[in-house]
Amino acid sequence: MWRRVASLSSFISSSNSSFLAQAACRLNIWESLTTGIAQQAKGVIVPKEKTPFITFVLGGPGSGKGTQCIKIVETFGFRHLSAGDLLRREIASNSADGAMILNTIKEGKIVPSEVTVKLIQKEMELSENHKFLIDGFPRTEENRIAFEQIIGVEPNVVLFFDCPEEEMVKRVLNRNQGRVDDNLETIRKRLKVFEALNLPVINYYSQRGKLYKINAIGTVDEIFEQVHPVFRAFEVVG
């Protein structure tokens, strides 16, 4: 950036333009610099060479969205960001935010939307990729609003893996990950919570024309056959 300013200054001084023209040009340069600094101070993502392409991936526990995210990354070269993984990593870092997140979860409360969004924002800013697959977020309308206010953009695509409740229950019970919440009673409670909180988000993006509902019944490849054309339509290649 400073090289650009220096080259412009050299050009101005060597020209035969009037003093007023030089001053106006320098003023434009100064405004450009100060605007960029102000944006960074506010936490706004400064545009990269390419406009970010953002995909939200939604679906209940056992809907298979995690498996499909792996295939999307392999095929289209996205950067996969899991909200849950980012929160767990922050907890493991022993930071002040990590301690707060752990205490919030222990108390059975939802982590503040702003905290989760800022973790996602940080990963986006550090990434050299411009294609982001955000898995399991937003879970609520509050999450959605916080994301759009802090990041300043809406997603390009919202994938919703639509799967019958009984099928999701069966998958979660069969995956045998040793999680304390992988029991029948808890799974059904999680599904009810997901439906109550996530349905307004799904309906919102459906009305915005951004939602792509994927029938999550079938083999991994059969389901991916529905996903593939969504990204091909946007020419989102790796």
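Among contacts between residues at least 6 apart in sequence, 76% join residues at least 24 apart in this protein. The model is predicted. The protein has 238 residues, and 37% of them count as buried. Its secondary structure comes to 10 helices and five strands. The accessible surface is about 14300 Å², with 54% of that belonging to carbon and sulfur atoms.

**The cores**

Start with the inside. The largest nonpolar core has 27 residues. Phe56, Ile120, Met124, Ile134, Phe137 and Phe147 touch the most other members. The elements that give two or more residues are β1 (53-59), α4 (83-92), α6 (113-126), β3 (131-135), α7 (141-151), β4 (157-162) and α9 (184-207). Which element gives the most? Helix α6 does, with five residues.

A second, separate core holds 23 residues. Among them are Leu133, Leu159, Leu191 and Phe224.

Phe56 deserves a look of its own. Leave aside its neighbours within four places in sequence, and Phe56 is in contact with Ile134, Phe137, Pro138, Phe147, Pro155, Val157, Val158, Leu159 and Tyr205. Two of these names, Ile134 and Phe147, also stand in the list of core residues that touch the most other members.

**Helix α7**

Phe147 leads on to α7. In this helix, Asn143, Arg144, Ala146, Phe147, Glu148 and Ile151 are buried. What covers them? The cover includes β1, α6, β3 and α9. Just after α7 comes Gly152, which takes a positive phi of about 90 degrees.

**Aromatic pairs**

The structure holds eight aromatic pairs. Two of them are set out here.

| Pair | Distance of centres | Angle of planes | Type |
|---|---|---|---|
| Phe76 and Phe231 | 5.3 Å | 45 degrees | tilted |
| Tyr204 and Tyr205 | 5.1 Å | 80 degrees | edge-to-face |

Why is the pair of Phe76 and Phe231 tilted? The planes stand at 45 degrees, so the pair is neither stacked, which needs under 30 degrees, nor edge-to-face, which needs over 60. This pair links distant parts of the chain. Phe76 sits in helix α3 (residues 65-76) and Phe231 in helix α10 (residues 220-233), 155 residues apart. Both Phe76 and Phe231 are buried. They also belong to one aromatic cluster, formed by Phe53, Phe76, Phe78, Phe231 and Phe234.

For Tyr204 and Tyr205, the planes stand at 80 degrees, so the pair is edge-to-face. The two residues differ in cover. Tyr204 is partly exposed, with a relative accessible area of 22%. Tyr205 is buried, at 0%.

**Gln68 in helix α3**

Helix α3 also holds Gln68. Is Gln68 buried or exposed? Gln68 is buried, because its relative accessible area is 2%. Apart from neighbours within four places in sequence, Gln68 is in contact with Phe161, Val220, Ile223, Phe224 and Val227. One of these, Phe224, is also in the second core.

Ile110, Val193 and Leu197 make a nonpolar surface patch of about 270 Å². Val193 is found in helix α9. Its relative accessibility is 47%, so Val193 counts as partly exposed.

How values were computed:
Residues numbered from 1 in each chain as written. Predicted model: local features only at pLDDT ≥ 70, side-chain atom pairs only at ≥ 80, totals over all residues. Heavy atoms only, no water. Core = buried A, V, L, I, M, F, W, Y, C linked by side-chain atoms within 4.5 Å. Buried < 20%, exposed > 50% of the residue type's maximum accessible area, 1.4 Å probe, protein only. Helix = DSSP H or I, 4+ residues; strand = E, 2+ residues; numbered from the N terminus. Contact = heavy atoms within 4.5 Å. Patch = residues over 30% accessible without salt bridge, like charges linked within 9 Å, V, L, I, M, F, W, Y side chains within 5 Å. Areas by Shrake-Rupley, 256 points an atom, 1.4 Å probe, with all protein chains shown as cover. Salt bridge = Lys/Arg side-chain N within 4 Å of Asp/Glu carboxyl O. Phe/Tyr/Trp six-rings, centres within 6.5 Å; stacked < 30°, edge-to-face > 60°.
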